[in-house]
Amino acid sequence: MFKHLQVVPGDPLLALIIAHQKDTNPKKIDLGVGVYKDDNGKTPILNSVKKAEAILLEQEESKSYLGIYGATEFEAIIQDLILGDNNPLITSGRIRSTQTPGGTGALKVAADFISANLSGARLWVSDPTWGNHESIFNSAGVEVTPYPYYDSATNGLRFDDMMTKLEAEAKEGDVLLLHACCHNPTGIDLQLEQWKVITDFVKRRGLLPLVDAAYQGFGDGLDEDLVGLRHMAANVDNMLIANSFSKNFGIYRERCGGLSVIATTASEADAAFSIIGQAIRANYSMPPAHGAAVVYTIMSRPELKAEWEQEVAEMRNRINGLREKLVSKLVQSGVSKDFSFIKDQRGMFSYSGLTLEQVRRLRSEFSIYIADTGRVSVAGVSDDNIDYLCASIAEVVG
């Protein structure tokens, strides 16, 4: 029965991780993996998470199913985090939120919802976008179409080209996927004024915005990172928001995320939410409990919430500090290319501007593992490896 099957190519980033693991060079550096690392190269468990887990260990009374939408009390946590405390949209009843297995699970449910209910809708995604976006939506039968985003000549944003493309080709009923902040993979974010332009366009053209909020808190702040999303949510009739708790709570393996739907009226929101429930039931039936319980425990206790906010700030400041340090060290290493744009990018990742040939030389000659696109995971840089990294880049760039 399986004799006709052929091995499919694996995910190139996962292959990069494996290659790094097998490398015996003591100076090897992994700048491909998309998880936060501290200066010791470890992905730490936050103190606030440890404390929350201790509380759960003492107080948890059951391991029974949560239900399709997850813990009922978690809905308010999702909405408060992405929209801000006391947002009038929350009390309007126009938004409903469900727990999902990570941000990826939220996107898969959104994809199934769009496929089943928005006939002929295309999904517009930035070029480039997170490598899994296309796979998720194609698997649900949704056509994926790119819009211009990254300018390789300037290492900046092609906003005018983006809007020209969308104005010319996006049709009513299409879905526009946007990164809330810390754009993966480029690190180049939309500014508030640009969010306002897009919001006006979405309303005028009749598009459904889908915002992927995977890295809240890793750019400029928990509230600052979502000013564009919040402006859009306040000014459109309909919207989908997929968010992840993996990064800002450091609970990657617990697979905790959320999907929110905003509708014109509360009754329309309830109807859409019921259909989302059907998609969840057909996908994974019910979400896992532990990650959401940890998040809820932290967010519902002021002292733990304050500690968590401080820990998010420490991770953010470390990443932004590494950007500054990396640019400075590259100059000191005598690199001819101007890498100052790295300071202006935000989040875990940077489109470094390194060519494929330079990336492959770094890998083969110096055991420095970077994605073929030149995307660098900034959190993989440390005080211990930054000098070697910059000297190696100087060798291949000149």
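**Pocket linings**

Mentor: In this predicted model, the lining of the second largest pocket comprises eleven nonpolar, five polar and five charged residues.

Trainee: Which element gives the most to the lining of the second largest pocket?

Mentor: The lining of this pocket consists of 21 residues, and those nearest its centre are L56, E60, S62, L66 and A293. Two helices, α2 (47–59) and α11 (290–299), each supply at least two residues of that lining. The greatest contribution, five residues, is that of α11.

Trainee: What is the volume of the second largest pocket?

Mentor: Its 21 lining residues include L56 and A293, both among those nearest the centre. The volume of the pocket is about 540 Å³.

Trainee: Turning to the largest pocket, which element gives the most to its lining?

Mentor: The largest pocket has a volume of about 1100 Å³. Its lining numbers 42 residues, with L13, W130, G131, N184 and R375 closest to the centre. Two or more lining residues come from each of α1 (12–22), α5 (102–117) and β11 (349–351). The element that gives the most, with six residues, is α1.

Trainee: How many residues in the lining of the largest pocket are charged?

Mentor: The lining is divided by class, with 22 residues counted as nonpolar and 13 as polar. R375, one of the residues closest to the centre, has a side chain of the charged class. The number of charged residues in this lining is seven.

Technical notes: Residues are numbered from 1 along each chain as its sequence is written. This is a predicted model: local features need pLDDT of at least 70, side-chain atom pairs count only at pLDDT 80 or more; totals for chains, interfaces and linings use all residues. Side-chain values use heavy atoms; hydrogens and water are left out. On a 1 Å grid over the protein atoms alone, a cavity is a set of points where a 1.4 Å probe fits but cannot get out, and a pocket is an open set with protein on both sides within 12 Å along at least five of seven lines; lining residues have an atom within 4 Å of a point. Grid points are joined across faces, edges and corners, and a volume is the space filled by probe spheres set on the points. Helices (H or I, at least four residues) and strands (E, at least two) are DSSP runs, numbered from the N terminus.
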